[in-house]
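These are my notebook entries on a structure that is new to me. I begin with the overall build of one chain and then turn to its parts.

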Amino acid sequence: MDTLERIKQLARKEFSLEAAELDAAAPLDSLGIDSLSFIEFMFKIEEEFGVSMSDEDLKGIKTLGDLERHVAAALAAAGKA
Amino acid sequence: MAARRVAVTGAGVVSPLGATLEEFHRALCDARPGIRRLPDELAQPSGVQVGAPVDWNPLPLFKEAEAANLDRATQFALAAAGQAVAASGLEIASERGGVYWGTGLGGAHTLEAAYKQVYGAREWRLRPLTVPMVMSNAAGSNVAVRHGLRGPFANFATACSSSAMALGEAMRVIQAGRADAMIAGGSEALLTPGTLAAWQALRTLAPADAANAAASCKPFDKRRQGLVLGEGAAAFVLEDESRARARGAPILALLTGYGNSCDAVHLSRPDRDGQIRAMREALAESALAPEAIGYINAHGTATAVGDVVEAEAINAVFGGVAARVPVSSTKSLHGHLLGGAGALEFAAALLPLLHGWLPPTAFLEQPDPACRLRHVPLRAERADAPRAVMSNSFAFGGSNVVLVAERA
């Protein structure tokens, strides 16, 4: 499964969203993901992928697509990709 | 302008005796116990043998992911408040509605899981929702969010009187015209190994009754050995009476008296005078003579000292009438809900008003002569159409809260 699909799967579970609602380009707040639930979601993303993202990274994440790019970069940096 | 009176227009219950008001009342009428042996994973590390857990499955009320983000105490709160709002037909998502809630410990399960991870597994990476799940106002705040209640909010943490105080203070808010309706109640969920161990250290919990674990809590009985911890929640919709009548709301009772005192003598030893002051204040506010009280739900925790002091206090307040006022401790069936106790027992006290039954003190076979009261032993009794009822909540810390409710 590719990175984006794993992220979407986690998001579906965490936020009880339908697959159709998960547009990689949609702003996270339009999916009903507020700042608090976003932080909790990032915690789970870090666990899922075994990566660590800085506060600075988090600020740049506005969509699931942004998240995929940051995770991919973190995986590459960690030599896992 | 006449003072605004406060109607109870909805009630919700999540308890060891069932997860609706109706189930709870039926279990009290049947004297069906909710106390049982605790599972090994709780009993072995803590040494606590019995408790009164709620049979709880958060699904389908909550989605799986949602339940994972709400402490058990908050899940109970949302469930009970949802029932109360549905029963009352209340529609008040505005600043004219508020939430006053009570809890002793807050998110005990979440806190203990975090400590276990940190000190047990030495894993310091905690989930970000730990703080908003643990904080003691989480339950009430989630209720406010769920129902869009943007008016007065408070969370009371006065141990065993917390939720009774939430009810009394919510009544004040409506009387003062600061809100038209309030959700008030309390919740507690602390049957965790660590919390149980802390309670066990106090040497105030009853061991399992050798013959019948369900009968381990025996308030007012010579054989009593202490309290049994329970969990759950109860919630009420309190509403300005004239508003409630105008919208044709069901009116379960009127909340007309609230007494609040502090012993200010000792953190854990109960004080007769403090209890007397609270009962007298509640009676005075309701403008009822003692003989108008047709049932008292006692605090009655089944500790050696507590039951005697409460019996003395009731006798002092009710004088010659005390011999005729039925008194019971329903903790014999549902255990002690601590921060949720006052609210759940207020729900128990509504049983005589709503259905004409007096809930019993179960297992009261050998009344202690030092607890000279007109008991309702063993089984529920028909009530003689009581006009009013009283519910006592006396807490560690010396906080005493007494509520008086009248037939609508």
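**Entry 1, overall build.** I looked up the radius of gyration of chain B, taken over C-alpha atoms, and found 20 Å, which agrees with the value near 22 Å that a compact globule of 408 residues would have, the globule rule being 2.2 Å times the number of residues to the power 0.38. I note that this is a predicted model, in which local features need pLDDT of at least 70 and side-chain atom pairs count only at pLDDT 80 or more, while totals for chains, interfaces and linings use all residues. Residues are numbered from 1 along each chain as its sequence is written, and chains are lettered from A and ligands numbered from 1 in the order in which they are written. Along the principal axes, the C-alpha atoms of chain B fill a box of roughly 60 × 50 × 40 Å.

**Entry 2, burial and contacts.** I found that 59% of the 408 residues in chain B are buried, a residue being buried if 20 or more other C-beta atoms, placed from the backbone, lie within 10 Å of its own. Of the contacts in chain B with a separation of 6 or more, 81% are between residues 24 or more positions apart; two residues are in contact if their C-beta atoms, placed from the backbone, lie within 7 Å.

For chain B I read domain 1 as 6-246 and domain 2 as 258-406, bounds that come from an automatic or database domain assignment. The C-alpha centres of these two domains of chain B lie 20 Å apart, and 59 residues of domain 1 are in contact with 58 residues of domain 2. On the domain 1 side of this contact, α8(B) gives the most, with seven residues. That side divides into 33 nonpolar, 19 polar and seven charged residues, where Ala, Val, Leu, Ile, Met, Phe, Trp, Tyr, Cys and Pro count as nonpolar, Asp, Glu, Lys and Arg as charged, and the others, Gly among them, as polar.

Chain B has 14 helices and 15 strands, which are DSSP runs numbered from the N terminus (helices H or I, at least four residues; strands E, at least two). I picked helix α5 (residues 108-120) of chain B, whose buried residues are B:A108, B:H109, B:T110 and B:L111. These buried residues pack against α4 (72-88), α6 (130-134) and α9 (193-201) of chain B. Just after α5(B), I noted that B:R122 takes a positive phi of about 55 degrees.

The contact between the chains takes eight residues from chain B and eight residues from chain A.

How values were computed:
Buried ≥ 20, exposed ≤ 12 C-beta atoms within 10 Å, placed from the backbone.
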